[in-house]
Amino acid sequence: MNVKLQFHDPAAFAAPLLAVFAVDIATGLDASPSPALLTTSDALAKAAAPWLTTGEFKAALGETLLLHAPANTQAQRLLIIGLGRSASLSIHEVRKAAGIAVRFAKPLGLHELAIAFPEDKALSDEHMDALPCDLTARAIAEGALLADFDIDFYRSDRKDQSLHTVTVVHTEADKKSEAEMQRGLGEGIIVGESQNFARTLVNEPGNVLTPTELGRRASTMCAETGLACEVHSTKKILELKMGAFAAVTQGSPEPPALIVMRYEPATPPAEGAPLLALVGKGITFDTGGISIKSADGMDKMKYDMAGAAAMLGAMRAIALLKPAVRVLSILCSCENMPDGAAFKPGDVVTAMSGKTIEIMNTDAEGRLVLADGLHYARTLGATHLIDAATLTGAISIALGQLNAGLFSNDDSTTQLFLDGLPISGEKFWRLPCTDDYRDQIKSQIADIMNTGGSRYGGSITAAMFLKEFVGETPGLPPANWIHLDIAGTAWLDDAKPWQSKGPSGIAVRSILEWVRSYAKTL
Ligand code: BES
Ligand code: ZN
Ligand code: ZN
């Protein structure tokens, strides 16, 4: 899908469908809705006026009204999309509305769509600057591209309902904001395509996307974007003494993949500058192993590599946006299968860091591969670590499917991540990861166990396990670390008006903003 920006009167722009956004400017709990268009075009305002004044359209978030052959406009159809109350207007509503426009056009079989660039100056002064033009352009591009994604990739009757072109039409612009808008749009295209790259990987079935295939797709992406990439397998995992990762993969005939990617900024950063590491859980299928899962819904466990996919999406965007900070990424990919060679409950394994782990449940495999991935990143010099993983079912019990879980050993690292959320529009909720939870993973016969003693606080004990591999370790300085548990948010069970069901691509945008925040502080 091609997304472009044109400076033109939107009413005079010929298109099969023109989308225009509206907000409800009413304030106060009991106030009746007062819809207003986010455009300064008189012709569009006139065409929409009868429907806005009658109360037929209230501009609630996600509400749509389709008008055919609107008077004095070149578009064949005008689609008015509500963004909700103007008081709470942000670029995230714009991202969603652009997505709604695309998902409205697709089933109509339209291949061209125009979106009137939302202008907050169409409202009174108090609402100005809710929509900075660069971020607005970026959000439109992201929303449009994300909405174009559908999961029916393997259907023989898959219809090509993909839009060919989305034109964002802006009335006029001074030179300065024109350049900002173009830059924003360009960023949005990179981010939207990178997130869709991650979603495509997550959507792939386990028989297609084996760890080896994940390695191939990573190398191809890296070759296309100029990242350095190495893909290793069993030999290297054993050489590095990654006993935890090796234990998980040993029950599968599919070889594991240890994927290492590197981004170096064009100007080498000063001595002592941070090295960020993005570590991802890449279990291409999780049966649970000998502690086998029940058959119900097991098919979904193909998405147990969504953490690795998020890192691949983020690395792609980093390679193309070129922030001034060094970034390393380690993906630990394998299958978790039960067979005669599989690891068993009761086994004790030694992680790369030297810590011994008593296996209580082979279904708690993600933390095992990440333990070695995090430690390896530190041995390569990482100062700041972020991992993403579909780690625990318990995170959905704690936070539902709206917020992903965030755990960290450092407040300022966390703050930088949280500061990026208004731009990314993603939701993460910090949960505790303090040492008073450590008792729950103490083992009788080894250093730690791979599950907590009880089901209580399952996501916290998983995070506490990972924390063992980022703190005090002989010969290594402790690292600042963030863990993202995306098990509840990486797969949408139901479609949204702006997004298909299936892989959400969660965390790509927020990780990217976090990485960029280190470039800004240099
Ligand atoms: N991959 C699962 C977590 C998961 C569950 C992801 C549901 C997506 C949806 C993980 O490997 C797992 O099985 N975790 C166990 C841990 C338990 C054995 C301590 C869980 O959450 O039940
Ligand atoms: Zn598992
Ligand atoms: Zn898993």
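Visitor: Is Asp493 buried, partly exposed or exposed, and what is its relative accessible area?
Guide: Asp493 is partly exposed, with a relative accessible area of 32%. Keep in mind that this is a predicted model.

Visitor: Which residue does Asp493 form a salt bridge with?
Guide: Its partner is Lys300, and the closest N and O atoms are 3.1 Å apart. Asp493 sits in the loop between β19 (491-492) and β20 (502-503), while Lys300 is in the loop between β10 and α8. That links distant parts of the chain, 193 residues apart. Lys300 is partly exposed, at 26% relative accessible area.

Visitor: How many salt bridges turn up in the whole structure?
Guide: A search of the whole structure finds 31. One of them joins the side chains of Lys467 and Asp435, at 2.7 Å from N to O.

Visitor: And where do Lys467 and Asp435 lie?
Guide: Lys467 is in helix α13 (residues 458-467), and Asp435 is in the loop between β16 (428-430) and β17 (448-449). They are 32 residues apart. Lys467 is buried at 18%, whereas Asp435 counts as exposed at 55% relative accessibility.

Visitor: Which residues do salt bridges with shared partners join into one network?
Guide: The network is made of Arg95, Asp134, Arg138, Glu142, Arg183, Glu187, Arg509, Glu513 and Arg516. Within that list, Glu187 and Arg138 meet in a salt bridge of 3.8 Å, N to O. Glu187 lies in helix α4 (residues 175-203) and Arg138 in helix α3 (residues 133-148), so this pair ties together parts that are 49 residues apart in sequence.

Visitor: Are those two buried or exposed?
Guide: Glu187 is buried, with a relative accessible area of 12%. Arg138 is buried too, at 3%.

Visitor: New topic: what are the protein donors of the zinc ion (ligand 3)?
Guide: They are Lys281 (NZ), Asp286 (OD), Asp304 (OD) and Glu365 (OE), lying 1.9 to 2.4 Å from the zinc ion (ligand 3). Along the sequence, the donor residues follow the spacing K-x4-D-x17-D-x60-E.

Visitor: What geometry does the site have?
Guide: The site is octahedral, with six donor atoms and angles of 77 to 173° among them.

Visitor: Which residue bridges the zinc ion (ligand 3) and the zinc ion (ligand 2)?
Guide: That is Asp286, and the two zinc ions lie 3.2 Å apart.

Visitor: Back to Asp304 and Glu365: where are they in the chain?
Guide: Asp304 is in the loop between β10 (275-286) and α8 (306-321), and Glu365 is in the loop between β13 (356-358) and α9 (366-379). They are 61 residues apart. Asp304 counts as buried at 3% relative accessibility, and Glu365 is buried at 0%.

Key
Residues are numbered from 1 along each chain as its sequence is written. Chains are lettered from A and ligands numbered from 1 in the order in which they are written. This is a predicted model: local features need pLDDT of at least 70, side-chain atom pairs count only at pLDDT 80 or more; totals for chains, interfaces and linings use all residues. Side-chain values use heavy atoms; hydrogens and water are left out. Donors are N, O and S atoms within 2.8 Å of the metal (3.2 Å for Na, K and Ca); water is not among the atoms, so sites may look incomplete. Four donors count as tetrahedral if all angles lie between 85 and 135 degrees; four count as square planar and six as octahedral if opposite donors are over 155 degrees apart and all others between 65 and 115; anything else is irregular. Helices (H or I, at least four residues) and strands (E, at least two) are DSSP runs, numbered from the N terminus. Buried means under 20% relative accessible area, exposed over 50%, partly exposed in between (1.4 Å probe, protein chains only). A salt bridge is a side-chain nitrogen of Lys or Arg within 4 Å of a carboxyl oxygen of Asp or Glu.
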